[in-house]
Every structure is written in structure tokens, then in C-alpha cells.
Amino acid sequence: MPKALDLTGLKIGCLKVVKRLPKRTDSMGHEWLCYCECGNQYITTTSHLNRKCGVKSCGCYVKELARKQSKKNIENATEETYLIASKKIKETMKKNNELVENTRLSSISSKKLRSDNKSGHRGVAFKDGKWVARISISGKEHYLGSFDQKEEAIVAREKGEELYFKPLIDKYKNKQN
Ligand SMILES: [Zn+2]
């Protein structure tokens with residue numbers, strides 16, 4: 001067996017070799033206490049330190065590399081990647097008759113309020129001293145009128161739902177899987 005190399009003080013990759021540890025009977029070679037650039041203490045063997053592969057570290061280097069890689073993947077995710085993903089979602093919804101004529105059936109059938117809604121009624125908002133009723137369908141917004149009374153705006157909105165939403169719901173609802 002060759003005389004053990006003294007690695008004390010060497011800087012190998014991210015590791016600085018501090019000292020040789022007493023040989024344990026069950027260990028193959030000598031073990032070394034190292035300090036890693038990240039601040040961790042790390043114990044490793046002569047053969048690991050001598051092996052010419054990768055950058056030696058306590059493990060943080062590989063982790064950091066993976067983190068950088070995944071960050072890069074996210075950064076490299078182009079608009080195209082997102083478009084493909086969103087197209088897939090739309091196709092699935094279309095297949096289920098959830099997305100019809102560019103409108104989500106569940107969204108027009110539901111009475112759920114948007115988080116920014118202050119009037120407590122969908123499509124009704126107080127603006128410049130008036131209650132304004134609007135309705136959006138197939139990506140287009142329709143103005144339903146401005147009123148002094150909130151109730152009037154609510155009625156206008158309900159009429160709008162009858163006019164714009166109901167035909168679409170009736171047309172497709174029973175075709176849903
Ligand atoms: Zn480290």
C-alpha cells in the first residue's frame with residue numbers, strides 16, 4: 001500500500017482539506033476533514049479527493065448547479081412554451097364542452113364574485129357616481145348602462161345574462177361530459 005498522500009491545506013474544488021482523521025478500521029482509505037466554501041464541514045476519503053471528476057464539494061455544488069439549471073429552464077421557457085401549454089388546456093376544455101365560443105361555461109354559470117368585486121354583484125360597479133352594468137362574453141365586454149340606483153344596474157346585468165349567457169348555456173350545457 002502506497003504511503004498516504006498528505007492533502008492537508010490543499011484546496012480541491014470547493015473543499016479545503018483541514019486534517020487527516022484517525023484511520024478507522026472499517027474504512028478503505030484515509031478520511032479527511034474538509035471545509036466547504038458554503039461553510040459546511042465535510043468528511044471524505046483520499047480516493048474521492050483524488051478522483052478527477054466534477055467539482056468537489058460537500059454536495060452543495062451539485063445542488064446549486066441543479067438549482068441554476070432549473071432556474072435557467074424557467075428563464076428559457078419562452079412565450080411559445082406557455083402558449084403551447086395554454087393551447088393544450090383550451091383543447092381539453094373544448095373537448096369537454098367547457099370552453100365554447102371562447103367562453104368558459106363554468107364561469108358564466110357561476111355566481112362567484114371576482115376577488116376585486118366591491119359591489120357584491122357580478123358585472124356591477126360604482127364608477128363616477130353611477131352604477132355601471134357590464135357583461136363580458138367571448139372575450140368581448142358589453143356595456144349595459146349606467147344607473148343612479150344599484151338595483152337598476154343589477155336588473156340590467158340580469159337582463160344581460162339572459163341575453164348573452166343563457167343562449168350559450170342552453171346550447172352547450174347538456175352536451176357537457
Ligand atoms: Zn458546500
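Isoleucine 154 counts as buried in this predicted model, because its relative accessibility of 17% falls below the 20% cut-off. Leaving aside residues up to four places away in sequence, isoleucine 154 touches His121 and Val124.

Let's step back to the helix itself. Helix H5 spans residues 150-172 and lies across S7, S8 and S9. Relative to S8, the helix runs at about 10 degrees.

What order do the three strands of the open sheet take? They follow S7-S8-S9, and the pairing is antiparallel. Strands S7 and S9 stand at the edges with a single partner strand each, so one side of each has no neighbour in the sheet. On average, neighbouring strands of this sheet are turned by 30 degrees against each other, direction ignored.

Here are the strands with their residue ranges:

| Strand | Residues |
|---|---|
| S7 | 124-127 |
| S8 | 130-137 |
| S9 | 140-147 |

Now for a closer look at one pairing. S8 and S9 are joined in the antiparallel sense over seven bridges. Tryptophan 131 has phenylalanine 147, in S9, as its bridge partner.

Finally, the view of the whole chain. The protein chain is divided into domain 1, residues 11-59, and domain 2, residues 97-175. How many Å separate the centres of domain 1 and domain 2? Taken over C-alpha atoms, the separation of the two centres is 67 Å.

Key: Residues numbered from 1 in each chain as written. Predicted model: local features only at pLDDT ≥ 70, side-chain atom pairs only at ≥ 80, totals over all residues. Heavy atoms only, no water. Domains from an automatic or database assignment. Pairing = 2+ DSSP bridges. Helix = DSSP H or I, 4+ residues; strand = E, 2+ residues; numbered from the N terminus. Axes fitted to C-alpha atoms, helices over the stretch in contact; angles between N-to-C directions. Contact = heavy atoms within 4.5 Å. Buried < 20%, exposed > 50% of the residue type's maximum accessible area, 1.4 Å probe, protein only.
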